[in-house]
Structure formats: structure tokens, C-alpha cells
Amino acid sequence: MNTPAANLADIPASNSADTSADIPAGNSADDLARDFTDIPTDTSADIPAGNSAADLARDFTDIPTAADSADDLAANLADDLAANLADIPAGISDGDLARDFADIPAAAPADDHAVTGIIFDIQRGAFHDGPGLRTTVFFKGCPLRCLWCHNPESWSRAPQRALRAATPGAAPKLHGRKITVGEILQTALRDKRYHDASGGGLTLSGGEPALQLRFCHALLRAARTEGIHTALDTCGHAPAAAFDLLAPHVNVFLWDHKATDTAAHPGLHRSLTGRPPAQILENFHRLYANGATIILRCPLIPGVNDTQEHLDSIAAFARDHPRLAGIEIIPYHDAGLSKYDLLGIPRPALNTRPPDADTKRRWRDFFQSRNLPKIILPT
Ligand code: SF4
């Protein structure tokens with residue numbers, strides 16, 4: 001059983017230097033082979049095969065095993081999750097991040113199509129994940145724990161079986177499966193005529209796609225080789241070297257701007273998302289300065305992050321970065337709450353609800369008063 005609270009105790013105030021210092025210059029083919037040997041080969045079984053004991057201890061604490069009774073699982077999960085969420089929001093430790101990003105590939109794998117990763121969904125015909133009609137792939141694993149997250153099934157990097165089924169009598173859903181780049185491309189290529197007709201393409205979302213860096217890199221590059229437009233939906237929390245690697249293969253970044261620290265609330269971003277904003281902002285400015293196409297995405301949660309300081313910060317972002325391709329205001333919705341129940345994760349301690357008409361009008365009035373031509377407001 002892991003101890004998430006212990007992992008979280010060592011999160012430093014700033015992550016700007018910690019995760020990129022030990023990135024090696026290059027990785028061998030052996031490294032590549034080794035790194036992916038521990039991906040479960042059969043996600044349909046209760047116990048994923050092929051993982052080391054350490055991996056299992058770390059990643060699969062919340063996967064039911066045949067030996068566990070439902071009561072045992074519930075008790076274990078409750079203990080773990082209570083520890084995990086006692087220090088809300090929880091996150092992946094810096095030690096984990098250092099390990100995840102230590103293998104940034106300097107050399108291309110021999111065959112992008114054979115690279116494997118873990119995803120939990122593919123949505124075809126999506127129209128909220130970048131321009132046009134998109135094929136959106138949802139990666140497992142996220143270094144943040146946003147209190148308003150509606151995809152908690154993305155948090156664990158490993159396949160994760162729900163505690164309960166959505167439908168009485170059905171089997172609890174297993175969130176996550178191993179897939180190759182080639183398999184995803186087959187789906188994306190079937191959708192390509194819709195992409196081309198609508199100005200759409202392939203979007204990598206999650207979770208945080210950069211957390212599975214090799215897979216993310218290979219998929220982006222293979223898609224671009226096929227002439228598919230690519231979007232990377234990212235929380236921005238990864239070493240700069242990761243984005244340097246990915247950027248040449250990304251047509252547009254969908255970049256989250258979640259909260260603004262102020263003198264009165266210096267730790268607000270971290271308390272709402274599990275991570276301080278320093279590295280995220282550093283990465284944004286680096287990509288912008290290098291000419292990346294970026295759409296800023298701003299989830300607004302009534303009474304939580306829609307402070308005047310944050311609205312001002314969004315307007316300032318738009319004003320100071322005229323090359324932004326768009327600024328999207330994304331209103332909170334609570335459609336993901338039932339997922340917490342099915343997964344056995346306590347619902348976040350978030351005192352909010354979807355914005356009413358008055359709240360949306362207040363947001364609209366503010367941004368319209370700032371005359372921001374590229375802002376996309378909720379109706
Ligand atoms: S970055 Fe996205 S997936 Fe990760 S916790 Fe936040 S909302 Fe959820």
C-alpha cells in the first residue's frame with residue numbers, strides 16, 4: 001500500500017528546477033525497451049501482468065485483486081484516500097516526476113507506430129478540444145489534482161478498476177488500456193476527412209499527455225507525418241525539456257490557466273491544483289517566446305477561482321500575449337462528480353455549483369468591458 005500523504009510531504013514550494021536537472025542527454029534503444037516493459041499487457045484481468053513489485057505498490061494500490069474482498073478494498077481505499085486527500089489537493093511527488101521525465105528521448109524510436117502507452121478513452125467527433133472536429137485521446141496520469149477535476153479516472157498512470165458499476169448488475173469499469181500509436185492512428189485516419197473538412201485533427205488530452213512522454217512524442221510525430229493536425233491539451237506542468245521535445249510536432253497547445261496567486265493568497269494555485277504555478281508559467285512564456293500557437297483555456301469555478309484578481313489576470317494574459325490564438329472561458333460543470341463515487345474517491349471539498357445566469361453575465365460583462373477580441377465566452 002502506498003502512502004500518498006508521505007509522498008506529498010516533500011512537495012517543494014517551487015518545482016522550477018527539480019524535475020529537469022537529471023534529464024540525460026540521450027537514451028539508448030535498450031532504455032526504450034526497458035521503459036515500456038512494465039506496461040500491463042492485459043488490461044482485462046483484475047491484476048495487470050508484467051509489473052514489478054515496486055510498480056504495483058506504487059501504481060496499482062487501488063486496483064481490485066482477486067484475493068481482496070469488496071469490503072477489504074473499500075476499507076483499504078478509504079484509508080488511502082483519506083490520507084491522500086487529507087492534504088487536498090494531492091499530487092504526484094517530485095520524486096515521481098523526476099523519474100517520469102528522466103527518460104526524455106533525445107533520439108527517435110525506430111518505429112513510432114509500435115510505441116505503447118496507457119489511455120482511458122478515445123472520443124471521435126469532439127468539438128470542444130481544439131479547432132474543428134477532433135479525435136481526442138485521453139491519456140492516463142496527471143501531476144495535478146484540481147479540485148474541480150471531472151476526469152478523476154485520469155489521475156493514476158495505470159489502469160484502474162472502478163469500485164462500483166454505473167449500471168446495476170454490470171461489471172465495474174476498468175479505466176485504462178494499453179494501446180499502440182499505430183492503433184490510435186488507424187482511428188484518427190478514419191476520421192481524417194472530417195478533420196480536413198472542419199479544420200480539425202487529433203487532440204491529446206487526459207490527464208496530462210506529457211507524463212507519458214515517449215508515447216506522447218511518438219503519437220504527435222506519427223500524426224504529423226500523416227498530415228493530421230495536432231493539438232496538445234496540457235496542464236503545463238512538465239520540465240521545459242519535455243515541451244521542447246514535443247513543440248515541433250504540435251500545431252496548437254490548449255494551455256490551462258487555472259488560478260492566480262496574490263499577495264493575500266500566495267498559495268492559492270497550489271491549494272486548488274496541488275502544484276504551484278511557477279513551472280507552468282515558465283513553460284508558457286518559453287513556448288510563447290518560441291512562437292508556439294497557444295489557446296489559453298480558463299476554467300472558471302464560481303466562488304473558487306473567479307476572483308477579481310484571476311479575472312484581471314486572464315485579461316492581462318490576453319493583453320500581454322497578442323499572438324494567443326484564443327482565450328476560452330470554460331464554466332464549471334459537475335458532470336464528473338458521479339465518477340468519484342464509482343471510483344471510490346471522496347468527492348472534492350468544493351463548495352460550488354455550475355454558474356447561474358447572473359454569474360455568467362458578470363463574467364461576460366467583465367471581459368467585454370476589457371475589449372479582448374479573441375476571448376470566447378460562455379453563452
Ligand atoms: S489537470 Fe486536468 S486532469 Fe489533471 S487534475 Fe486538473 S482538471 Fe484533472
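Two residues are in contact if their C-beta atoms, placed from the backbone, lie within 7 Å. In this predicted model, the buried residues of helix α11 are covered by elements that include α9 (240-246), β8 (252-256) and β9 (294-300). The chain has 379 residues, of which 41% count as buried. Its secondary structure comes to 14 helices and 11 strands. Among contacts in the chain with a separation of 6 or more, 75% are between residues 24 or more positions apart.

**Helix α11**

- Helix α11 covers residues 278-289, and its 12 residues should span 16 Å at 1.5 Å a residue; the end C-alpha atoms are 16 Å apart, which agrees.
- The buried residues in α11 are Gln 279, Ile 280, Asn 283, Phe 284 and Leu 287. They lie on the same side of α11, because the arc they cover around the axis is only 140 degrees.
- An α-helix has 3.6 residues a turn, so residues three or four places apart point the same way.
- Exposed residues His 285 and Ala 289 are carried by the face of α11 that is turned away from the buried side.
- Just after α11, Gly 291 has a positive phi of about 95 degrees.

**The sheet**

- Nine strands form an open sheet with mixed pairing, in the order β5-β1-β2-β6-β7-β8-β9-β10-β11. At its edges are β5 (177-180) and β11 (375-376), each of which pairs on one side only.
- Strands of a sheet pair through backbone hydrogen bonds, either parallel or antiparallel.
- Strands β8 and β9 run parallel and are joined by four bridges. Leu 254 has Ile 295 in β9 as its bridge partner.
- Both β8 and β9 are also among the elements that cover the buried residues of α11.

**The ligand shell and the cis peptide**

- Around the ligand are Cys 142, Leu 144, Arg 145, Cys 146, Cys 149, Asn 151, Ser 154, Gly 206, Gly 207 and Cys 235.
- Sorted by class, this shell has five nonpolar, four polar and one charged residues.
- Two residues of the shell, Gly 206 and Gly 207, are joined by a cis peptide bond with omega of about 10 degrees.
- Gly 207 belongs to the loop between β6 (201-205) and α8 (213-225).

**His 249**

- The loop between α9 and β8 contains His 249.
- Ala 218 is 31 residues from His 249 along the chain, and the C-alpha atoms of the two are separated by 9.4 Å.

**Asn 371**

- Asn 371 is in the loop between α14 (357-369) and β11.
- Its phi is positive, about 50 degrees, although Asn 371 is not a glycine.
- Asn 371 counts as exposed because it has 10 C-beta neighbours inside 10 Å.

Technical notes: Residues are numbered from 1 along each chain as its sequence is written. This is a predicted model: local features need pLDDT of at least 70, side-chain atom pairs count only at pLDDT 80 or more; totals for chains, interfaces and linings use all residues. Helices (H or I, at least four residues) and strands (E, at least two) are DSSP runs, numbered from the N terminus. The expected span of a helix is 1.5 Å times one less than its number of residues. A residue is buried if 20 or more other C-beta atoms lie within 10 Å of its own, exposed if 12 or fewer, and partly exposed in between; C-beta atoms are placed from the backbone. The arc is that of the directions from the helix axis to the C-beta atoms. Two strands pair if DSSP finds at least two bridges between them. A residue is near a molecule or strand if its C-beta atom, placed from the backbone, lies within 6 Å of it. Ala, Val, Leu, Ile, Met, Phe, Trp, Tyr, Cys and Pro count as nonpolar, Asp, Glu, Lys and Arg as charged, and the others, Gly among them, as polar.
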